[in-house]
Amino acid sequence: MTQTQTTITLTMILGAAISIAGCNKPSDGGAASTKPVTFTSIASEAGIDFKHENGSKGRKLMPETVGSGLAFFDYDNDGDTDLLVINSSGWAWDKNPLQAYSALYQNDGKGKFTNVTKEAGLHFSLYGMGVAVGDYDNDGWDDLYITAVGDNRLLKNTNGKFTDVTKTAGVKGVGLPGLAPEFKWSSGAAWVDYDNDGKLDLFVCQYVKWSTSLDPYCGKNGTRGYCPPGTFEGARNTLYHNEGNGTFKDVSKPMGILDCAVGKSFGIALADYNGDNWIDIAVSNDTWANFLFINEGGKKFVERGVETGIAFAENGRAKAGMGIDAADYKNDGNFSLVIGNFAEEGLSLFDPMEGGAGMFENNAQSRGLVSASLLNVTFATFFFDYDLDGWQDIYATNGHVDDIVSTYQSNLTFKQAPLLFHNEKGKKFNDVSKAAGMNYQIVGRGAAYGDIDSDGDLDIGVVDNNGKFLLLRNDGGNNNSWIKLRLVGEKTNRNAIGARVKVKAGGIEQQQYVRSGGSFLSESERTLTFGLGGSTKVDSIEVIWPGGTSQVLPATAARSTYLITEGKGLEKR
């Protein structure tokens, strides 16, 4: 993929089923749009000149395969969606090591970006992996936690300027026995108020026990290649409790996180999976059983991946999970999980079983996700409503980990095309990738969504491992109606992470969580976007704040952004 403008056109599949079935008809008589939606690659014209570096020099060190993530968030509180892209670098032990830098881009509100990395205090080099965005000190400014090979970084945001407070906060990451600190390898991270005390805690994934001396020769037909995850030992994840004074305490052991089996963890999806008003944590693992940490009243987590059915494939073997996300894609009140996996495994789609008492079943095949994804290595994957018809669609980035894969497996390629699946009203996902023009190939890694031009529809950012950043503008998604909701907690954490929002419009009820994590090493914007099809108003909004307190808000007009402050009414932005 180059910076040459590439237009991706697709036709929304809407309307006909509504008129035939007579259900989901907008209550105000509107009809959903069937006009084309286009995604256009605009990084260069938008002012984004980011190039990812992975430090590869032919040595085939495993971290070079993973890439990095990004975040859409409003770092300067001006109401616009800004962009942070995480970079890796050269290796510190190299002679004249490559210095590569993450990049923060300030949005002018119309989708034009300016690099403000130095001014914001983020001009430093590390072998970066992922990013989590959250206001851990409840001062109204979103802070950053960046994971890395080596020490992680906590960056406190003060009026748009970031200060490294990692050392005093105590969250640089947990080392592994026998390894030097520079070989610590953290991957995904997410902010979560697990005990509902109003302060954001931090969950950090560890990937594998790795160092240059532990990275052996791997190859095919005499050519050196990257070693698979099975070559390395797993690691244990970390849970930090926010003490409220700028410091964090490692509570992994007393909270039951350290007690579970080691994993090879990448992604985090937060939701209340068992309906008890305590946020649980789903974790995707690479060639290891996926985890589902059930929150028992904020006092302990119990790992239930095997019992609930998300740990293994149908054959009893663990898949190579990377990205993960959760959504109520069927609009039936239940949250499902999508997980990106390795080649010849296909996407996983875990739906709650009807009457299954917290059990899940993998319905990826019957929902139409497997055949299109089978030959891909899927890293980022997330739910979002790209055409704003009221049903959550799926996007996935793909790209193999071994640049010589085609020399020993002719049906696989190193660079791979992304995937876009349209949600057919919760019944099935239709692969519209080729019809949409998504036939360009990249080594896709982190991906996230955000409304960069404030036009209502959701745009996409993608990290190409060791390549140029892609910014894909959504043109035409806002032919359908929408509403955006930004939540602010008062008694609960200021970001309202863990709040669940229900929106009724057009004869359906949708729900979404305000959350951190999801996708792969990345964070999408926190403002919630609900597609409304042809409806011109929302019939009602209900917010279930962390802890279970419900707040019901009246009908309101569509095509607007609203602020909801805990215990108060709607405020148009």
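Predicted model: local features only at pLDDT ≥ 70, side-chain atom pairs only at ≥ 80, totals over all residues.
In strand S16, Phe248 is the bridge partner of Asn242. Residues are numbered from 1 along each chain as its sequence is written, and side-chain values use heavy atoms, with hydrogens and water left out.

Strands here are DSSP runs of E with at least two residues, helices are runs of H or I with at least four, and both are numbered from the N terminus. Two strands count as paired if DSSP finds at least two bridges between them.

| Partner of S15 | Bridges and sense |
|---|---|
| S12 (residues 201-206) | three bridges, antiparallel |
| S16 (residues 248-250) | three bridges, antiparallel |

S15 itself (residues 238-242) is mostly covered, with five of its five residues buried; buried means under 20% relative accessible area, exposed over 50%, and partly exposed in between, using a 1.4 Å probe and protein chains only. In a regular strand the side chains alternate between the two faces of the sheet. Here Thr238, Tyr240 and Asn242 point one way, while Leu239 and His241 point the other way, and all are buried.

Phe379 is buried, with a relative accessible area of 2%. Leaving aside residues up to four places away in sequence, Phe379 touches several residues, among them Thr65, Val66, Met322, Arg445 and Phe520; a contact means heavy atoms within 4.5 Å. The C-alpha atoms of Phe379 and Ile339 are separated by 8.7 Å, and these residues are 40 apart along the chain.

**The whole chain**

Stepping back, the protein chain has five helices and 41 strands. Its C-alpha trace spans about 65 × 55 × 50 Å along the principal axes. For 573 residues, a compact globule would have a radius of gyration near 25 Å, and the 22 Å of this chain agrees with that; the radius is taken over C-alpha atoms, and the globule rule is 2.2 Å times the number of residues to the power 0.38. Buried residues make up 62% of the 573. Among contacts between residues at least 6 apart in sequence, 61% join residues at least 24 apart.
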